[in-house]
Amino acid sequence: MDSRRRSVVIGPKVRQVGFVTPNADIPGDGSGMEKEVLNLTANSPTPVTIVPTRPVIEVPQKTEPVAVPSPSTRRPVDVEIPSAPAGSYNPADPVLEGSSLPSSKGGSTINEGYSVASEGAAESSPLGKPGTTTVGFSERVKHKASDPTIATVPAEGGVPGGKPVKGSKVSNQAIPALAGVDSKSSGAPPADGSKPLKERTSKAERRAKQEADRAAKQAAREGAAGTGAAGGDNSQPKNSKGKKDVVSEKKGAQAPERKGTDKSSEKEKKMEVPAPRLQFDDKERVAKAKRRSLVEQTETKNRVELFRHLPQFVYGTQLPSLEAKFFQDCATHPHPAVYKVGLQYLTGDIVGGNSRCVAMLMALRSMIMDYETPAEKTLVRDLVTRTNNHVNFLISCRPLSISMGNAIRFLKARIAKLDPTLPEVEAKANLVAQIDAFMQEKIVFADKEIIKHAVTKIRDGDVVLTHGYSSIVEMILVRAKEMGKKFRVVIIDSRPKLEGRRLLRSLLSKDIHCTYTHTNATSYIMQEVTRVFLGAASVLANGTVYSRVGTACVAMVAHAYGVPVMICCETYKFHERVQLDSITSNELGDPDALVKVAGWKESALVGWAENDQLQLLNLTYDATPADYVSMIITELGMVPPTSVPVILREYRKEPTL
Amino acid sequence: MVAAMPDCQASVDDFVTKLRRRQVEGSQNTAKQTAELLRLVISNQRLPNVGQAAVLIDVVKTVGLRMIAANPIELAVGNIVRRILHIIREEDVSLTSPAVPGVSVESDDDESDTKSSYSAAAVAAANRSALRAPSLHNLLESIPDPVKAPEAPAASVADSESRSRSGDRNSVSWKLKHNVIEGISELLQDLENYHSQVAEQAIEHIHQNEVILTLGRSRSLLQFLLEAKKKRSFQVVIAEGAPKYQGHILSKELAEKGLQTTVITDSAIFAMISRVNMVIVGAHAVMANGGVLAPVGMHMVALAARRHAVPFVVLAGVHKLCPQYPHNPYTLLNDMKSPAEIVDFGELSDCLDVGTGGQSTYVVNPTFDYIPPELVSLFITDTGGHNPSYVYRLIAEYYSPEDYVLQ
């Protein structure tokens, strides 16, 4: 109660804190804006606690038959960065396919279906060509208007989407019921409702939330009973209970939103501090997050105690449920482009900080292009919620990388800053242009700049060592070769991903002399190495380099041998967070990936899960201490790791972000 | 040089071939086979009446040099050859010194106790001074017998003279061989038991709830951990140890015995080491300066352990002590294995014949890492725990200085 009141009181003043809203006086719709800004504080890595008040994502109905994507479809994305150099992020690189499952043509139709949209978008991408985009939009708008599903959804405010978990269960037949109840339900005020209304209903709300929790628990139990069962049958018992249950459910959906705003208002003061991540050993919050998530996940067996706080799910268990839901015309359903990208994250088709970020931005871009403001809603408000939903979906596919978190933060700040008086078409064009600009400036141009800097560090006769596959390092080496420098490359590879082979192939095709070996031989090979170039997933404020696992080992050995270690990283990947070890925050990969040794017929670890004393740990990242790093090469120049906070400080001031 | 007797020539040849083909692997296994072979050679060797020890030493050296040349990386062969030479020298001295007039224990048995004990001490002192480099220890002990001690060193060289003086020649010649063979059998027994002797100390080093990291697999390590498991409950983190991935096997073995085991990739060593209390690893060889030759990747582990101030403990049998100093160990004491262990044949064939314009790809697969002594916290051997700085002294105890360089 107290916190709620305070949030109301401090509203306008606190809004100015942080980098999000330099100009605090946004005209009109004060309460709505407040909410947006508050939402922003709870942004990225933590799953945002906001549930859409009126989720109406219409999947544009394509007439052509679309196949369900299967895990075996390894067809690369059609994501294109406008004028990307050499297509280096392009996940379309077929190299990775070497190790892949047998690919079927199944998913290709999907890609084709949506590549039309994304290509159309790509054409209009060079900054601010609203003309072309609008044409695209109008077409889409027409398409939507003819869509019959839109009519079934009542336009009045306050139809909650339910929790996404149940999104499937509260299927179409439930929606009219909801709509009917809607007007009576006291606990579901219009989301942009005024302050007094909030206070009046708070008690009822709490009761409603309790009920909802109970209902959710029951649902979870039911869900556990029949996990594989698709949508409809689970909703049966709930529906039979009649109106009251439906109401409570609806309220429950609303409650987390309110709660989210409260929490963020408390956090508002320390907005500079990045939001704490969801700790997966916190049972309550995990249960809450589970209810919200669209994806059904099974926790892996034999978890490593030390990493309880990180999510780990049985690889591929999400996939079937996701595939089944692809065509679901549910209100909370993510945009197909986002859905596709999510599946690609899940299957590991898109990897690498830059490519994941670009793919996500492209997907969100097409989501925005297809977006249309529901009646009695403001675009600014609704779009942020919508974005949060999509991001949550992506998180449930694979935890966000820091670069993606930064990009999302940027996007949401942009949406929040939109002029509410702007017509919808222009606003969307504006956003699309902003996203394009972000990709261009922060990734494409930044990489070009980094290459320019880094190439000066390669001299004739150098032996350059690198680890795994980093797109930027690859571009640097190729560029150096093009400049006629005489050097050779040592590639250190590590299990289980063996990403280094991708680099090896690509460098061999460029006629660069390579030496290839595994992580353990680093000490041996380091004696002949003169330079170490490494990519990074992120650089943290204390200079720690957060990167693919093994980077720290390589940097440490290089340090021991007195070889300079250069980290190549775009500044958009920098993050204010600090970290001392690789355990507090990390990502757990599929443990089963360790079992199979490439080229071996049998492995001692087959059937490891049967012994509960035996655990396999497949870490994805590690943290390299700053003192192993000689230099960080960014688009802003070559800086020591101690200068990272300086860059962060200056960079956040930048008007573009 | 005296060649080995023809009847054991065949088995020597066989073993040398096996060594050359790397069909004998693992230092304990190699050491055992070497000792057995040399025992065979010695027992088949016909000895002359005079200069028996010299002949034996010659034969062992000849065979030993062949074996060392067959696999210079397997330092255990050289170590065992040196140990056996040392046994021969020691036995020789202990046999000949009673023959030195006035110190014979047997002749003095009817005299007073003090006299006999005095003479026994003199024999011991003579032995020591004959076989070991002078040290503070020896200097103090040899004080009671200043007259006899100088005579003794000459004994092994001029043993023919003393031998000719002794009444029963046959018994002495038989005795030397017998004693040497007994000594070798004892050595074999030690080799057999060294795992359990190392493991006995486990309880002193592994504490309740500790987290122990290791890389790859070694048998002494397995026994060490299992021994500790009897009394304590703790966790083991095992890096799989490319390219052999023996960590997988070790993890399975430990987990079956009920030990909490976590397998990590080699690249995650740095990430995990911050939560580890102790690193315990097996070694391939321990050099005279206290440096360690260990399976590839161990240097990385040692560096990471040093960074996080985690004790780096090496389990090593005495047979792994090598009296050589490492000179360029990464090149000279290393073995390059087949690249097929890292990249499958044909894996890169597509891009190799497209891309090569004279450029070739190297795939490097070294076997060993060298860990400098400053990164090692402790050696646990079958004779107890030692510092790296004490290794040189251990070596002086097990080898004769004249055998450090065999030629």
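This is a predicted model: local features need pLDDT of at least 70, side-chain atom pairs count only at pLDDT 80 or more; totals for chains, interfaces and linings use all residues.

**Two helices in chain B.**

Next I listed who touches whom. From α1(B) I got Q9(B), V12(B), D13(B), F15(B), V16(B), L19(B) and R20(B). The α3(B) side supplies V63(B), R66(B), M67(B) and A70(B). Sorted by class, the contact of α1(B) with α3(B) has seven nonpolar residues, one polar and three charged.

**The mixed sheet.** Then I traced an open sheet of eight strands with mixed pairing. I wrote the order down as β9(A)-β3(B)-β2(B)-β1(B)-β4(B)-β7(B)-β10(B)-β11(B). Which strands stand at the edges? They are β9 (614–617) of chain A and β11 (384–386) of chain B. Each has a single partner strand, so one side of each is left without a neighbour in the sheet. From one strand to the next, the twist averages 25°.

I checked what packs on this sheet and found helix α12 (residues 246–256) of chain B. α12(B) touches β9 of chain A, along with β1 (211–215), β2 (235–239) and β3 (260–264) of chain B. The direction of α12(B) makes about 160° with that of β2(B).

I looked at one strand pair in the sheet as well. β7 (residues 312–315) and β10 (residues 378–381), both of chain B, pair in the parallel sense over three bridges. Opposite V314(B) stands F379(B) in β10(B).

**A helix contact between the chains.** My next stop was α21 (residues 551–560) of chain A against α14 (residues 298–307) of chain B. These two pack at an angle of about 85°, with their axes 10 Å apart. That makes α21(A) roughly perpendicular to α14(B).

Which residues make the contact? On α21(A) I noted C553(A), M556(A), V557(A) and A560(A). On α14(B) they are M300(B), L303(B) and A304(B).

I stayed with α21(A) to see how covered it is. Eight of its ten residues are buried. The buried ones are T551(A), A552(A), C553(A), V554(A), A555(A), M556(A), V557(A) and A558(A). After α21(A) comes G562(A), with a positive phi near 70°.

**K497(A).** I looked this lysine up separately. K497(A) sits in the loop between β2 (487–493) and α19 (500–509) of chain A. Buried or exposed, or in between? K497(A) has a relative accessible area of 47%, so it counts as partly exposed.

**Chain B overall.** Last, I jotted down some totals. Chain B has 17 helices and eleven strands. Of its 407 residues, 55% are buried. Among its contacts between residues at least 6 apart in sequence, 80% join residues at least 24 apart.

Methods: Residues are numbered from 1 along each chain as its sequence is written. Chains are lettered from A and ligands numbered from 1 in the order in which they are written. Side-chain values use heavy atoms; hydrogens and water are left out. Contact means heavy atoms within 4.5 Å. Helices (H or I, at least four residues) and strands (E, at least two) are DSSP runs, numbered from the N terminus. Ala, Val, Leu, Ile, Met, Phe, Trp, Tyr, Cys and Pro count as nonpolar, Asp, Glu, Lys and Arg as charged, and the others, Gly among them, as polar. Two strands pair if DSSP finds at least two bridges between them. Axes are lines fitted to C-alpha atoms, for helices over the stretch in contact, and angles run from 0 to 180 degrees between N-to-C directions. Buried means under 20% relative accessible area, exposed over 50%, partly exposed in between (1.4 Å probe, protein chains only). Angles under 35 degrees count as roughly parallel, over 145 as roughly antiparallel, 65 to 115 as roughly perpendicular and the rest as oblique.
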